[in-house]
Amino acid sequence: MANLPVQFLVCSFFVVLALHSFSARSQEVEDESEFSYSANGPIGPARWGEIHAEWGACSNGTMQSPIDMSSERVNIVSHLGRLRRSYRPANAVLRNRGHDMMLRWEGEAGAIEINGTEYALHQCHWHSPSEHTINGRRYDLELHLVHESADGKAAVVGIMYKIGRPDSFLSSLTDHLHAVTDITDKETAVGVIDPRDIKIGSRKYYRYIGSLTVPPCTENVVWSIVRKVRTVTREQLRLLRVAVHDDSDTNARPLQAIHDRPIELFRPDDKEQN
Ligand SMILES: [Zn+2]
């Protein structure tokens, strides 16, 4: 009997350890200096899988992201349902990871629900030009909202932008982005940020199963890419690139093989549209 509490403690320890390692695996690396986006460079996208054993999926994976969403491959469906976001304002920090700016929520910023699973919102970051393409067309910018479930599975919502009117969420971050330009060694507190200020503006979205688009390229990521392409100004785009200052014009991973994965486009049926 005296052994019971000890067994319980040991058992809990392994459960916590298992959960922790799950979660560590599904997260993007925070120090991006070990890889680059230069097409033919020694640590460029074609070599990511050789840099660390844990990054093997970047070369050997069969469900990698990003991909092209061409009309011929996409099945239009109405069963997926609307993207159910229950976000709330929370304290956040900005971090220059080396190739992108990341806004990470420290407090509870709410969640998205997909197939009955809750995925908590952790961070967002930007890629330019866009990583995903629609019918071969690449847009100017792509925002990734990275979520994680209690058992360490990732769900990413992608929003694409082309040059046009300012994006109000980026406008609200302008001063903070100027303030962290070239600061790479620490996170900067930016106060309360409301993720509900990130506008989607459409109920249509693409859904497929892919991976993180940066090492460790972890697979089984549930992707939701908003169909509507929104706008940013050239200045907003420039500010995101200048703030990172990695001497590269791009932080978009090349397109990956689809390997017959289904791609769905959710479109509400007529009844729901009324
Ligand atoms: Zn990303």
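The crossing of α4 and α5 is left-handed, a word used if the near helix is turned anticlockwise from the far one by less than a right angle. This is a predicted model, where local features need pLDDT of at least 70, side-chain atom pairs count only at pLDDT 80 or more, and totals for chains, interfaces and linings use all residues. Residues are numbered from 1 along each chain as its sequence is written.

Q: What makes α4 roughly parallel to α5?
A: The axes of α4 (residues 168-180) and α5 (residues 234-244) cross at roughly 30° and come within 10 Å. Angles under 35 degrees count as roughly parallel, so α4 gets that label relative to α5.

Q: Which residues make the contact of α4 and α5?
A: From α4 you have L170, T174, L177 and V180, and from α5 Q236, L239, L240 and A243. Being in contact takes C-beta atoms, placed from the backbone, within 7 Å. The set divides into 6 nonpolar, 2 polar and no charged.

Q: Why is β14 called mostly covered?
A: Strand β14 (residues 219-226) has 6 of its 8 residues buried. Buried means that 20 or more other C-beta atoms lie within 10 Å of a residue's own, with C-beta atoms placed from the backbone.

Q: How do you know that β11 and β14 pair?
A: Pairing needs at least two bridges found by DSSP, and β11 (residues 154-163) and β14 have 4, in the parallel sense. W223 in β14 is the bridge partner of V156.

Q: What about β13 and β14?
A: They run antiparallel, with 7 bridges joining β13 (residues 205-211) to β14. Here Y208 stands opposite W223.

Methods
Axes are lines fitted to C-alpha atoms, for helices over the stretch in contact, and angles run from 0 to 180 degrees between N-to-C directions. Helices (H or I, at least four residues) and strands (E, at least two) are DSSP runs, numbered from the N terminus. Angles under 35 degrees count as roughly parallel, over 145 as roughly antiparallel, 65 to 115 as roughly perpendicular and the rest as oblique. Two residues are in contact if their C-beta atoms, placed from the backbone, lie within 7 Å. Ala, Val, Leu, Ile, Met, Phe, Trp, Tyr, Cys and Pro count as nonpolar, Asp, Glu, Lys and Arg as charged, and the others, Gly among them, as polar. A residue is buried if 20 or more other C-beta atoms lie within 10 Å of its own, exposed if 12 or fewer, and partly exposed in between; C-beta atoms are placed from the backbone.
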